[in-house]
Amino acid sequence: MNPEPDYSAAYAVLHTDAGDGLEGHSLAFTTGRGNDIQSAAIQALEQWVVGRRVDEVLGDLGAFSREMVHEPQLRWLGPEKGVVQMAVGAVLNAAWDLRAKRAGQPLWQHLARLDVEELLDLVDFRWLTDAMTRAEAKAVLTRALPGREEREALLLERGYPAYTTTPGWLGYSDDKLERLAREAVADGFTQIKLKVGADLTDDVRRMKVARAAVGDDIRIAVDANQRWDVGQAIAWMHALAPYEPYWIEEPTSPDDVLGHATVRRAVHPIKVATGEHVANRVVFKQLLQLRAVDVVQIDAARVAGVNENLAILLMAAHHGVPVCPHAGGVGLCEMVQHLSMTDFVAISGTWADRVVEHVDHLHEHFVTPVQLERGRYRAPLAPGGGGEMHAASVADYTFPDGPQWRARGAR
Ligand SMILES: [Mg+2]
């Protein structure tokens with residue numbers, strides 16, 4: 001469903017005249033064409049950013065978020081979905097990166113140490129209160145107050161659980177799938193993921209190969225990348241059921257809340273997961289209200305930044321549903337790990353049945369690349385939100401004038 005992606009990013013940098021050498025860096029991930037549209041959407045937000053007082057903006061990122069999300073004219077292009085929402089996300093995440101750097105803290109720690117009321121002020125509760133009021137969100141955060149320090153220490157000591165998508169890409173031979181699946185287990189992963197949905201006979205065979213390779217104790221998630229209609233999803237999953245898939249990810253359209261609910265009822269006890277293409281907190285709200293998903297998959301760069309993801313994390317915790325972020329792309333592992341770590345310390349207060357996706361490529365372009373150890377993300381210590389790329393990578397790969405593109409004859 002996402003064939004031939006050309007992993008790309010619209011890259012946003014906030015500069016200040018503070019003279020402290022600190023900048024806010026972030027990105028919106030795209031799969032190639034469309035990156036220029038995403039960049040233009042980010043530029044369209046300039047009037048809300050350029051010339052503002054840094055202390056004022058960073059001191060109230062809840063207000064900054066609302067200003068951009070409710071931009072009176074750009075809003076028409078959504079509302080609150082698609083390129084404009086992703087642009088708000090890029091700018092807001094850059095602001096969070098700058099704020100965390102100024103505080104000298106990694107973003108997860110910066111967020112997880114905020115007061116309950118400060119966290120609540122970051123969230124836009126409009127359209128959410130039939131599923132979660134501010135008082136209910138406060139109850140979630142208050143419940144997690146005891147033990148924050150202990151969990152922070154535990155996180156620093158043990159890291160956060162990850163799973164790997166590396167073995168299961170479509171197009172790998174059975175031998176390669178088997179070898180990579182075994183390697184993943186040897187590396188300490190307790191969950192792997194297979195892409196499915198191209199050919200049922202192939203998928204049944206691949207699932208059998210993977211199950212034999214990893215044994216009964218390792219979770220195997222499968223990901224259809226939206227390929228199916230509802231009935232097709234159910235039939236396909238019934239065929240894979242003997243090999244005990246753990247979750248089916250994106251079985252159908254990310255907008256089809258009722259469809260997910262139908263699939264979930266039909267394929268139980270296989271879990272249903274979605275989120276990497278879910279446009280905003282309102283769709284997540286409905287997925288939770290209708291019990292349409294067992295696993296919520298936030299993405300650092302899909303919605304309106306840290307603030308909207310906090311709303312989603314709070315709703316998921318309020319409904320008792322685990323969040324297992326999507327992270328296949330450019331810089332998404334680097335960024336989203338901070339949100340799961342915040343969730344562990346200050347929101348849900350648990351990592352039970354929670355894993356952050358890990359995809360093993362493109363990390364070399366980032367100033368603070370993720371560090372995996374025995375199937376777990378080591379908690380980053382460097383100040384910031386993780387989305388900063390090396391200046392040389394940005395210069396080399398900027399489209400269309402960077403040397404890497406010129407060498408390919410890009411126009
Ligand atoms: Mg996926």
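Q: How do α14 and α15 lie to each other?
A: α14 and α15 are oblique to each other, because the angle is about 50 degrees and oblique covers what is left after under 35 degrees (roughly parallel), over 145 (roughly antiparallel) and 65 to 115 (roughly perpendicular). This is a predicted model, in which local features need pLDDT of at least 70, side-chain atom pairs count only at pLDDT 80 or more, and totals for chains, interfaces and linings use all residues.

Q: Where are α14 and α15, and how far apart are their axes?
A: Helix α14 covers residues 305–318 and helix α15 covers residues 332–347, with their axes 11 Å apart. Axes are lines fitted to C-alpha atoms, for helices over the stretch in contact, with angles from 0 to 180 degrees between N-to-C directions. Helices (H or I, at least four residues) and strands (E, at least two) are DSSP runs, numbered from the N terminus. Residues are numbered from 1 along each chain as its sequence is written.

Q: Which residues in α14 meet α15?
A: On the α14 side they are N309, L313, L314 and A317. Their partners in α15 are L339, D343 and I347. Contact here is C-beta atoms, placed from the backbone, within 7 Å.

Q: New topic. Which residues does G78 join by a cis peptide bond?
A: G78 is joined to P79 that way, with omega about 0 degrees. P79 sits in the loop between α3 (61–69) and α4 (82–103).

Q: And what joins H268 and P269?
A: A cis peptide bond, with omega about 10 degrees. P269 is in the loop between α12 (257–267) and β7 (271–274).

Q: Is E80 buried or exposed?
A: E80 is buried, because 21 other C-beta atoms lie within 10 Å. The cut-offs are 20 or more for buried, 12 or fewer for exposed and partly exposed in between, with C-beta atoms placed from the backbone.

Q: What about R374, buried or exposed?
A: R374 is exposed, as 11 other C-beta atoms lie within 10 Å. Phi of R374 is also positive, near 50 degrees. R374 lies in the loop between β10 (372–373) and β11 (376–377).

Q: What does UniProt list for residues 174–270?
A: The unreviewed UniProt entry lists them as "domain: Mandelate racemase/muconate lactonizing enzyme C-terminal". UniProt annotations may be inferred rather than shown by experiment. In the model, residues 174–270 are 52% helix and 15% strand, and their end C-alpha atoms lie 24 Å apart.

Definitions and conventions. Contact = placed C-beta atoms within 7 Å.
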